[in-house]
Amino acid sequence: MANEHPDAPKQFGIRLSDDTMELVSAIQEFRQRTNQPTTLAAIVEDAIQCHYNRLVNEGAIYGEK
């Protein structure tokens with residue numbers, strides 16, 4: 001979804017790789033299916049939480065599991 005929008009990088013004033021845009025689209029689609037906000041802030045929070053959880057699971061950092 002997000003990666004299909006031609007002005008997405010311009011809207012946010014940043015350039016994101018195709019892989020990152022695919023991740024944003026996947027999170028956005030999941031949030032739509034589950035009736036959650038699809039704001040950029042919400043999507044970024046989801047991505048950060050997933051990355052944090054992965055780092056904890058891999059033992060790279062200590063945190064709550």
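Student: What should I keep in mind about numbering and about which parts of the model are used?

Tutor: Residues are numbered from 1 along each chain as its sequence is written. Because the model is predicted, local features need pLDDT of at least 70 and side-chain atom pairs count only at pLDDT 80 or more, while totals for chains, interfaces and linings use all residues, and side-chain values use heavy atoms, with hydrogens and water left out.

Student: Which residues of H2 are buried, and which are exposed on the other side?

Tutor: Buried means under 20% relative accessible area, exposed over 50%, and partly exposed in between (1.4 Å probe, protein chains only). In H2, Met21, Val24, Ser25, Ile27, Gln28 and Arg31 are buried; seen down the helix axis they fall within an arc of 170°, so they line one face of H2. Asp18, Asp19 and Arg33 are exposed on the other side.

Student: How many salt bridges does a search of the whole structure find?

Tutor: A salt bridge is a side-chain nitrogen of Lys or Arg within 4 Å of a carboxyl oxygen of Asp or Glu, and the search finds two. In one of them, Asp46 pairs with Arg31, with the closest N and O atoms 2.7 Å apart; this pair links helix H3 (residues 40-57), which holds Asp46, to helix H2, which holds Arg31, 15 residues apart.

Student: Is Arg31 buried or exposed?

Tutor: Arg31 is buried, at 6% relative accessible area, whereas Asp46 is partly exposed at 22%.

Terms used:
Helices (H or I, at least four residues) and strands (E, at least two) are DSSP runs, numbered from the N terminus. The arc is that of the directions from the helix axis to the C-beta atoms.
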